[in-house]
There are 2 protein chains.
Amino acid sequence: MKLNPLFPTIETLGINTDLYELTMSAVYFQSGHAGDWATFELFTRKLPPTRSFLVAAGLEQALHYITHVGFSSDTISYLRKLPVFSRTDPAFFDYLHRFRFSGDVHAVPEGTVLFENEPILQVSAPIIEAQVLETFLISTINFQTMVASKAARLRLAAHDKQVIDFGSRRAHTPQAGVQAARASFIGGCNGTSNVLAGYEMGIPVYGTMAHSFVQFFGDELESFRRFHDAFPDHSILLVDTYDSLQGVRKALQIGGKLAGVRLDSGDLLELAVKTRELLDQNHRKEARIVASGNLDEERVLSFSIADAPIDAYGVGTDLVVSRDAPTCDLVYKLVEVISGGNIQPRFKASEGKGTVPCRKQIFRQREGDFFKRDVVGRWDEDANGEPLLKKWVQRGRIIRELPSLVASKEYARQQLESLPGFLKLLHTTEVYPVEYSQKLLAIQRELEEQYA
Amino acid sequence: MKLNPLFPTIETLGINTDLYELTMSAVYFQSGHAGDWATFELFTRKLPPTRSFLVAAGLEQALHYITHVGFSSDTISYLRKLPVFSRTDPAFFDYLHRFRFSGDVHAVPEGTVLFENEPILQVSAPIIEAQVLETFLISTINFQTMVASKAARLRLAAHDKQVIDFGSRRAHTPQAGVQAARASFIGGCNGTSNVLAGYEMGIPVYGTMAHSFVQFFGDELESFRRFHDAFPDHSILLVDTYDSLQGVRKALQIGGKLAGVRLDSGDLLELAVKTRELLDQNHRKEARIVASGNLDEERVLSFSIADAPIDAYGVGTDLVVSRDAPTCDLVYKLVEVISGGNIQPRFKASEGKGTVPCRKQIFRQREGDFFKRDVVGRWDEDANGEPLLKKWVQRGRIIRELPSLVASKEYARQQLESLPGFLKLLHTTEVYPVEYSQKLLAIQRELEEQYA
C-alpha cells in the first residue's frame, strides 16, 4: 500500500506553491516578459492587535529554499496534464525545467525588531522567479517571525527565569515543531524539548518526565527512584500525577542530588511557594522548580510580579501556535518592475489593502540607547538612521555569511533591550513611530494621480 | 555555507520527538521493562469552546510515520553526546539502532465525527515504541483534525457553494500548507490552491490571479487580456486592484467566454450583487463570482443567509490556522500496561487533567438517520451501537487498506449529514451525549480507591 509521504522533498520545491503563481508565470513567459525584473517586498500592513513589534526570523530556511528551488521532470509532467495548462506553450515547461533563482535578495538579519509596513525581505529577480517564491517564502517567514515575536513577549514576561519551548506536539505539523524551536530560541527561549532541533541546529534540549512514566510504574516513588537512578544529575521529577505536594514529599525521599521537580496542574503559584518551602526545609536548595501547563506570557508575567519561586517555564501550545495572534499576516507585494533598464514603481489601491511603491530601505534612528523612530524610504535615499536591510543573495548566489543561531539570538536580545520602555509592556496603546519618507510619498501621489 | 535544511527527513524520524520520550525510554530499557506492552490513547479532554464536534484526519501520515520510524547512526551519535545520556547503558543505543515499530494501532477512519474523550487513535506496543511516537503522532493528527473540523464548519456555512483552500502561505510552514490542503479536502473543501497537494494526492487545484499580475502590466485591461489569451476557458479575473466595479467593467471588455471574476476587498456582499448585475446585463451568465479576503465560516454563513450571488469562497488564514481554535488539544495518555500477560489498567488523577483507564471502544448509537448517543466502553464490551475504532496495524504491519482521499471525504460528508440538527449550527450550547460505560466507571472507581 502506498502511503502519502510525510515531508515535501527538494524535488518538489518548485510546485510547493499556489497554482496561480504558475499560471501567471506562463502568461509572463508567453507575453515575452520572462526577462523583465521585478521587486517584491514581504511585510505586514498591520500588526496583530496584541503585538506592538515583531522579531524577524526564518531567513536561513528562506535562503535555503531560494538557492535550491527548481522543477523536477515528474512535477512538470503533472503540470502539463492539468486542464488549465492544456493550451500553454511547451517552451514554458522547458523554461521551468531550467528554472534556477538568479536574482538578488535583501533582508533584515534574523532577530531584528520590526514594525508595520517595514520590509522584512525583498526579492529582485526576473518576474517569474520572483513570483513563484511567494507562497513558500511567506509560509516560512510568517510562521517563524510569529513564533519569535511570541517568544520575545515570554522573554520580557519571564524576567531572568528560563523559558523552554515544550510545544512540538501542538505545533501545526512536525516541521512546524522544529521551526518553532528555532524561532523561539532566536526570540528569547533558552532551549526546546525538540530533539531534532537540537540535532540539526545545536539548540539546547531539555526534558523532564511524563505522567505516563509515573503511571507505568503505578507506584510514584518507584518511578522517581528509577528515573533518578538513570539520570542522577538530570532528574526533574513530575509531581502532579496524583497530588502535587504529596509528589514533592515522595521526591524528597530520593537519596542524592535532586535536580528539580515539575508542577503541571493546579494553582501553580500556591504550589510553587509550598514546594519551595518543602524543598528548602529538606535541604534541597539546589532543586529547581519547573512550571508548565497552559502557560502564556500573561500567566508568566503574573508569576514574575508575584515573585513566584519558579526557576523555569515550559511553554507549549500558546507559544508554537501563538494563540492570540496565529499569523503576522505577512504579504508579498510587487513594488517595482524593471523593464529595458527602466525602473517603474508599482502600487495597489485596493480598499484597506493599498501598497506603497519602490524598493525600500528602513532607516532606524536612535536616541541614546533606545530606538526612537524609523523612516521607510527608497533604498537609495540618503536618510538619517541605520539602514536595516542587507543584501544576502546576488545573482542567485549567497554573498553574506549568515550569523550563527546564537548570534541571531544575542542580536534579538540587544534589539529588545533597545525598545522604548512602553513597547516592553505586554499591553500598550502607544505605537512606535514609523514614517514613509517624503520622496516615497511623492512617488505614490504621482502614481495615484496617474490612475485616478 | 551550510544552511539548515527545510524538511526533516526519514533518517531523523526517530528523534523528531521530545527529549523526555527518550530519557524515559532509557529508564524503561535499563529497568528491564522493554518487553512490557502498553496502550496509549489519543483524544481531547475538552472540545475548544467554539467547536461542538471534530472531524478526524491525519491517519494516513501517522501510519506512514509509524511504519517508517527508526534511528539512524548519526542521530544516535548525537544522543550519546548529550550530557543527560552520559551514564546511559550503551545497550540502550544498540536497542535504538534496531528500533522498528512492532505493535498494533487502532483508529477511527479519517472523516469520522468525534467528541470529547473519544479516542481517535490507540497504540498498543512495547512501552518504548509506544512512548516514542507521542510527539509526532499528536502534531500530525491534532493539526489535520483541527483543519478538517474547521473545513466542516465552512462546508455547513457555505451550503451548496464551493469552498477552496487558499491558505498555504499562512499555514505554519510549507508542510502545514500541504497537510492543511489534505485535511480541508476531507472536511469539506472542494479543492486547494496548493499545487504540491494536487501532485501528491490528486486534490483538485484552483487558482485565479494575484494583484501583482495586474500591477505588473500597469494597465488592468491589458493584464486581463493577456491572462485570458493564455487561459481562455479558465480565467478568473481579479478585479479589485484599483476599483472593483471598474475592474468588472474592464473584464467585460474581454471577448469570448469569461470564466469569472474574483472580489478580494471592500463590502463583498454589495459588490457581489452589483457584479452579478453587470455580468448578467452583459450576457455573461456563465461567469462565476469568487469571493476571498479574510473569510471565515461566520462571514460565509452571513453571505449564505443573504443569498449572495457568490459561487465560490477562497478561504485562507482562518482555515489553515483555525484562528478561533488553533489546536484540538489532543493528548496521548497511557491507559493500560501489559506485563507478563497481565493487563493492568492505568489512570491519572491530576486536577482537571484526569484520565479514564483501559483500552476503549466507541459505540455510536443512531436514531433513524441521525447520531443519538455515544458510549465509550472497554474495547471488549458488548455494548449497543456501531464500534468506530478499527485495527490498521498488527505487529508492525498495515493490515487494512486505507480508504482513498475521496472516499474519506465522502465518509465525512455522510457523517456531517448524520449529525443531530443542533450540532450543524455554528453556535450551540447543546452538547452531544457521550457517556462512559458502567464497566469503565467501575474500574476507575476501584483504582481511585486503591490510590486514595
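Just past the end of helix 12 of chain A, H283(A) adopts a positive phi of about 60 degrees. The model used here is predicted.

**Exercise 1.** Work out which residues of helix 12 of chain A are buried, and how they are placed around the axis.

*Solution.* 
1. Take the helix first. Helix 12 of chain A spans residues 268-281, which is 14 residues. From first C-alpha to last it reaches 20 Å, close to the 20 Å expected at 1.5 Å a residue.
2. Count neighbours. A residue is buried if 20 or more other C-beta atoms lie within 10 Å of its own. In helix 12 of chain A, L268(A), L271(A), A272(A), T275(A), R276(A) and L279(A) are buried.
3. Check their directions. They cover an arc of only 135 degrees around the axis, so they sit on the same side of helix 12 of chain A.
4. Recall the geometry. An α-helix has 3.6 residues a turn, so residues three or four places apart point the same way.

**Exercise 2.** Find what the buried residues of helix 12 of chain A pack against, and what the face turned away carries.

*Solution.* 
1. The packing partners in chain A are helix 11 (244-252), strand 9 (260-263) and strand 10 (288-292).
2. The face turned away from the buried side carries exposed D280(A) and Q281(A).

**Exercise 3.** Describe the contact between domain 1 and domain 2 of chain A.

*Solution.* 
1. Count contacts: 13 residues of domain 1 of chain A meet 14 of domain 2 of chain A.
2. Sort the domain 1 side: six nonpolar, five polar and two charged residues.

Definitions and conventions: Residues are numbered from 1 along each chain as its sequence is written. Chains are lettered from A and ligands numbered from 1 in the order in which they are written. This is a predicted model: local features need pLDDT of at least 70, side-chain atom pairs count only at pLDDT 80 or more; totals for chains, interfaces and linings use all residues. Helices (H or I, at least four residues) and strands (E, at least two) are DSSP runs, numbered from the N terminus. The expected span of a helix is 1.5 Å times one less than its number of residues. A residue is buried if 20 or more other C-beta atoms lie within 10 Å of its own, exposed if 12 or fewer, and partly exposed in between; C-beta atoms are placed from the backbone. The arc is that of the directions from the helix axis to the C-beta atoms. Two residues are in contact if their C-beta atoms, placed from the backbone, lie within 7 Å. Ala, Val, Leu, Ile, Met, Phe, Trp, Tyr, Cys and Pro count as nonpolar, Asp, Glu, Lys and Arg as charged, and the others, Gly among them, as polar.
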